[in-house]
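Here's a quick briefing on who touches whom in this model. Have a look at the structure first, then we'll go through the contacts.

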Amino acid sequence: MSIRVQMPADSSEATRADGDAVVMKAVSMASMPRTRLAARDRRQVLRRLQLSDRGFHVITQLAAAAVLVILGGVILSLVLGSLPAIREFGFSFLTSQSWNPVTDKFGALPAIYGTVITSVLAMIIAIPVGIGIAIFLTELCPPSLRRPIGIAIELLAGIPSIIYGIWGLFILAPFLQQFVEPALIAMFGPIPVLSRLFAGPPYGIGIFTASFILAIMVLPFITAISRDVFETVPPVLKEAAFGIGCTTWEVVRKVVIPYTRLGVIGGIMLGLGRALGETMAVTFVIGNAHKISGSLLAPGTTISATIANEFTEAVGDVYTSALIELGLILFVITFIVLAVSRLMLMRVQRRAGAS
Amino acid sequence: MASIYAGRRRKHAIVMALCIAAAVFGLAFLLLILGALLWHGLWGLTPAVFTEMTPPPGGSGGLLNAIVGSLIMTVLGVAVGAPVGMLAGTYMAEYGRYSRLTMFVRFINDILLSAPSIMIGLFIYEVLVVRMGHFSGLAGAMALAVIVVPVVVRTTEDMLLLVPGPLREAAAALGLPRSYVIIRIAYRAARAGLITGVLLAVARISGETAPLLFTALNNQFWSTDLGAPMASLPAVIFQFALSPYKDWQQLAWTGALIITFAVLTLSVLARVLARQRVTQ
């Protein structure tokens, strides 16, 4: 409910100040008795203020509604744009592995697989590291270093994704190809299941490299949110645990993390949402191969990389539409992940507000 | 007993060492990325970068048209997106602080804030590019504006909520109408925060590539025509970095250095401003 400020009928300082110009102009006319004139002017001023007041209210409300309109527009345009492809392929779009612009046969499975696998791998790397940094910042770090290190980690989030892309392509990929991937192949080669995951020649470009880049990119999100929720733990709880002789790790493990579990998961989901939709960095290093291969070192593709790479070159309605349908699928996946993340974080906020 | 203590202490030491290692890991990547940008980018940072157009393969040139295109679209995107975001944030913090619309908008806005930007590109493609029949700088700017809105909504709401209620009540007690209380008092009290939000939005969109790829496309030549495809630094970096030509790759690194420097400067500036707001 809005509380409207009712203007008192008799003069107040503010209206007089605001109406001064009008009054002075009116006085110069001086055809009517002054008091009647002033009363009329005051009414005019009040009406003008009332009008502008209501106008401002409506404008801000419309702007707030515009946010909803944007989301509605995104959904509507994606659905409308993908109708031709939905009509053409139906449900098989989700299960087909073919991607052939020449025969206009499209299936989303390799892209969906790539999106999910790179994001999951990225989270496997980023979750322990991100939470580790958050623990470092809240429990270990000397207070004078806390702020600079926190800012440095957040700057990592500020670097545009295309920068990660160019860095990944020219620096990280050759490094992984020369040193890390051969080591992985050699290490897991003799182990039955894992050897399949790390098979094939080390291209340097592929699912593993993309996941690694993604991990670095989502790291700051996980760290920032974990640190913020770690700081909401009441000091009394931690002090009580320290008081009975717990080590810092035990306090973190038994008090801090259980208390903040929801918020940490929310932060992880937020990072996951970012990783799923990340485009440019992945496009540079994924290799853009429309196939599902068992090896993590092989090139693959993701939904966003496929769209970024092929959209401007797509000819024909079905091709374009298939790419937009990919966008729709990405939208559905990220929307669910982000919505869950937000709901969790909202519950944490409410609890923090209540206590 | 002693063995339990030793085990616990050892576990503690190991985990804490891992946490420190994690922090070093994170910081190392920031340094590695910035170092690589400086190392590769500085070689190509000549005056020609700022005075000449993007070259054909093998030729020499600069990034002038891309820099100007980026500036035009960023300014236009912020000019369109920031007012909408500020007004929406104003509604959420002032008029409808507890209304259902606000709760809903806040939720949707937070999702838009981290939604993949490539979808915004597809959206604008469907709405503007298909309608107009061709790629254009205007479409690129609108895509950026859509990305600006949620950033500014979020910061505006947060910053206005920080303005103490008694300040508004005092103004209202003087007889100021609601809109005047907001514009003259609340905005002024939250000014540093509002500017922070806009700066963050600028930082966010100046590196955005995905939404520009199929809205503004790219342009090899000088163009300030909003109705025509327009070059932008990120799009040029994308094209040049993936090309096999050494000169182009060099320009891509230099462009990357320029963007990163601009974005990081903006976000540090925003941070400093935000801190001033807190210490006041």
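Between chain A and chain B there are 3 salt bridges (a side-chain nitrogen of Lys or Arg within 4 Å of a carboxyl oxygen of Asp or Glu). One pairs the side chains of R271(B) and E154(A), at 2.5 Å, N to O. Keep in mind that this is a predicted model, where local features need pLDDT of at least 70, side-chain atom pairs count only at pLDDT 80 or more, and totals for chains, interfaces and linings use all residues. Residues are numbered from 1 along each chain as its sequence is written, chains are lettered from A in the order in which they are written, and side-chain values use heavy atoms, with hydrogens and water left out.

**Chain A against chain B**

- Chain A puts 87 residues into the contact and chain B puts in 85 (heavy atoms within 4.5 Å).
- About 7,700 Å² is buried between the two chains, 80% of it from carbon and sulfur atoms (accessible area, 1.4 Å probe, lost on being put together, summed over both).
- F56(A), W167(A) and W249(A) supply 8% of what chain A buries against chain B, more than any other three residues.

- L37(B), H40(B) and G44(B) supply 63% of domain 1's share, more than any other three residues.
- Across this domain interface, the rule finds 0 salt bridges.
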